[in-house]
Amino acid sequence: MDQNLSAEEKKKNLINKITGILLDEMLKKKVDQELGQEIATYILNQSKNVKDDKSLDDFLRQLAEKYSIFKLYFVNSSLENQIKKTDEEKISSIKDQLSKLANFKSQ
């Protein structure tokens, strides 16, 4: 998830994405109307507890565990977050190395 977005914006983006997944699955007839209503109710009720990044991740994980149509999105989201974290760590390490090099050359 983008670090610059507020928790509320991240929550809104996630709800839009998972609602889109649900609608697509219903249009493809992979989810019937009754299950669709159950999932929509679950999303509305559980999303009220989302206040920060951790609760957002927990919500998505629980949703994927309960309803298999969200598993692929959860896995992709988790991988994307891990890649961003790894990239941030690499960038930080490079900055530290450049800083040390700059300090060494200025001595």
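The model is predicted. The domain assignment of the chain gives domain 1, residues 1-74, and domain 2, residues 76-106. Between the C-alpha centres of domain 1 and domain 2 there is a distance of 31 Å.

**Helices α1 and α2**

- The axes of α1 and α2 come within 10 Å and cross at roughly 175°.
- Angles over 145 degrees count as roughly antiparallel, and α1 and α2 are therefore roughly antiparallel to each other.
- On the α1 side, the contact is made by Lys11, Ile15, Ile18, Leu22 and Met26. On the α2 side, the residues are Gln33, Gly36, Ile39, Ala40, Ile43 and Ser47.
- Sorted by class, the contact of α1 with α2 has 7 nonpolar, 3 polar and 1 charged residues.

**Helices α2 and α3**

- Helix α2 covers residues 33-47 and helix α3 covers residues 53-66. The two pack at an angle of about 155°, and their axes are 11 Å apart.
- That angle makes α2 roughly antiparallel to α3.
- Where α2 passes α3, the crossing is right-handed.
- Tyr42, Ile43, Gln46 and Ser47 of α2 make the contact with Phe59, Gln62, Leu63 and Lys66 of α3.
- The residues of this contact of α2 with α3 divide into 4 nonpolar, 3 polar and 1 charged.

**Helices α1 and α3**

- For α1 and α3, the axes come within 10 Å and cross at roughly 15°.
- Angles under 35 degrees count as roughly parallel, so α1 is roughly parallel to α3.
- The crossing of α1 and α3 is right-handed.
- From α1, the contact uses Lys10, Lys11, Leu14 and Ile18. From α3, it uses Asp53, Leu56, Phe59, Leu60 and Leu63.
- By class, the contact of α1 with α3 has 6 nonpolar, no polar and 3 charged residues.

- Lys11 lies in helix α1. Buried means under 20% relative accessible area, so Lys11, at 14% relative accessibility, counts as buried.
- Leaving out residues up to four places away in sequence, Lys11 touches Ser47, Lys48, Val50 and Leu56.
- Lys11 and Ser47 are 36 residues apart along the chain, while their C-alpha atoms are separated by 7.8 Å.
- Lys10 also has its place in helix α1. With 4% relative accessibility, Lys10 counts as buried.
- Lys10 and Val50 are 40 residues apart in sequence, and their C-alpha atoms are 9.9 Å apart in space.

**An exposed lysine in a loop**

- Lys29 lies in the loop between α1, residues 7-27, and α2.
- Exposed means over 50% relative accessible area, and Lys29 is exposed with a value of 73%.
- Most residues other than glycine have a negative phi. Phi of Lys29, in contrast, is near 65°, a positive value in a residue other than glycine.

Note on methods: Residues numbered from 1 in each chain as written. Predicted model: local features only at pLDDT ≥ 70, side-chain atom pairs only at ≥ 80, totals over all residues. Heavy atoms only, no water. Domains from an automatic or database assignment. Axes fitted to C-alpha atoms, helices over the stretch in contact; angles between N-to-C directions. Helix = DSSP H or I, 4+ residues; strand = E, 2+ residues; numbered from the N terminus. Parallel < 35°, antiparallel > 145°, perpendicular 65-115°, else oblique. Left-handed = near helix turned anticlockwise from the far one by under 90°. Contact = heavy atoms within 4.5 Å. Nonpolar A, V, L, I, M, F, W, Y, C, P; charged D, E, K, R; others polar. Buried < 20%, exposed > 50% of the residue type's maximum accessible area, 1.4 Å probe, protein only.
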